[in-house]
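Open the model in your viewer and keep the selection panel at hand. The stops below say what to pick and what is there.

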Amino acid sequence: MDHVVYVDAKARELEKLLAGEKTMIVRGATGRKLPYGRVQANDRLFFIQNKGDGMVRASARVSEVFNSEKLTEEQSAELLQGNQSKLQLTPEQIKRWSGKRYLVLIEVANIQPLEPFVIDRSEYGNMDDWLPVDTIEKVKK
């Protein structure tokens, strides 16, 4: 399965991934929303910065996934802190993800820059930051 993943441009997430400083991304919510339970080891991720240009700029393979059980605020903060060396979160990102009841930690490998390309989002009405696209070829413009 391929996934289009929006990363935080202000926190320089894509740059940190490409430089190898960051090897894990996090998603979380109060309920079990995407990508909870939907991303597996060996899936491919395609990264877009959340700054509005809509260009896919890099890809990676998922090496490991952790879907948390229901967490307390303290447990979610501890989970993030325990993985901070891989996550490389800014204080703003820690604030955003701490306290979420469900966290998904996704470890990535083989991160590679790509020749930027645009995807067709017409089948994805909501502005979610995680799009399971089956295969990237289906949405590549």
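**Stop one: a loop and its proline**

Select Pro-35, which sits in the loop between β2 and β3. The peptide bond joining Leu-34 and Pro-35 is cis, with omega at about 5 degrees. Most peptide bonds are trans, and most residues other than glycine have a negative phi.

**Stop two: confidence colouring**

This is a predicted model, so colour by pLDDT before going on. The chain has a mean pLDDT of 94, and 98% of its residues reach 70 or more. Where is confidence lowest, and where is it highest? Strand β6 (residues 130-134) is lowest, at a mean of 93, while helix α3 (residues 84-87) is highest, at 98.

**Stop three: positive phi**

Move to strand β5 and pick Asn-110. Asn-110 is not a glycine, yet its phi is positive, about 50 degrees. Asn-110 is exposed, because its relative accessible area of 56% is over the 50% cut-off.

Next, pick Asp-134 in strand β6. Asp-134 also is a residue other than glycine with a positive phi, near 70 degrees. Its relative accessibility is 43%, so Asp-134 counts as partly exposed.

**Stop four: salt bridges**

Stay on Asp-134 and show the side chain of Lys-138. The two meet in a salt bridge, 3.1 Å from N to O. Lys-138 is exposed, at 59% relative accessibility. Salt bridges with shared partners also link Arg-27, Arg-96 and Asp-129 into one network. Keep Arg-96 and Asp-129 in mind for the last stop.

How many salt bridges does the whole structure hold? The search finds 7. Side chains of opposite charge can pair when their charged atoms come close.

Select Asp-2 and Arg-44 for another of these pairs. Their side chains form a salt bridge at 2.8 Å, N to O. Asp-2 belongs to strand β1 and Arg-44 to strand β3 (residues 44-49), so the bridge ties together parts 42 residues apart in sequence. Is Asp-2 buried or exposed? Asp-2 is buried, with a relative accessible area of 5%. Arg-44 is partly exposed, at 29%.

Then take Arg-57 and Asp-53. Their closest N and O atoms are 2.5 Å apart, in a salt bridge. Both ends are partly exposed: Arg-57 has a relative accessible area of 24%, and Asp-53 has 30%.

**Stop five: the nonpolar core**

In soluble globular proteins, nonpolar side chains tend to be buried together. Here the largest nonpolar core has 17 residues. Those with the most contacts inside it are Val-5, Ile-25, Val-39, Leu-45, Phe-47, Ile-106 and Trp-130. At least two core residues come from each of β1, α1 (13-19), β3, β4 (55-67) and β5 (102-118). Strand β5 gives the most, with 4 residues.

**Stop six: the largest pocket**

The largest pocket holds about 170 Å³ of space. Which of its 13 lining residues are closest to the centre? Select Tyr-6, Val-7, Asn-50, Arg-96 and Asp-129. Arg-96 and Asp-129 are back, as members of the salt-bridge network.

Now colour by element. β1 (2-7), β2 (24-29) and α4 (91-97) each give two or more residues to the lining. Helix α4 has the largest share, 3 residues. Finish by colouring the lining by class: 5 residues are nonpolar, 2 polar and 6 charged.

Notes. Residues are numbered from 1 along each chain as its sequence is written. This is a predicted model: local features need pLDDT of at least 70, side-chain atom pairs count only at pLDDT 80 or more; totals for chains, interfaces and linings use all residues. Side-chain values use heavy atoms; hydrogens and water are left out. On a 1 Å grid over the protein atoms alone, a cavity is a set of points where a 1.4 Å probe fits but cannot get out, and a pocket is an open set with protein on both sides within 12 Å along at least five of seven lines; lining residues have an atom within 4 Å of a point. Grid points are joined across faces, edges and corners, and a volume is the space filled by probe spheres set on the points. Ala, Val, Leu, Ile, Met, Phe, Trp, Tyr, Cys and Pro count as nonpolar, Asp, Glu, Lys and Arg as charged, and the others, Gly among them, as polar. pLDDT is the predictor's confidence in each residue, from 0 to 100. A salt bridge is a side-chain nitrogen of Lys or Arg within 4 Å of a carboxyl oxygen of Asp or Glu. Buried means under 20% relative accessible area, exposed over 50%, partly exposed in between (1.4 Å probe, protein chains only). A nonpolar core is a set of buried Ala, Val, Leu, Ile, Met, Phe, Trp, Tyr and Cys residues joined through side-chain atoms within 4.5 Å.
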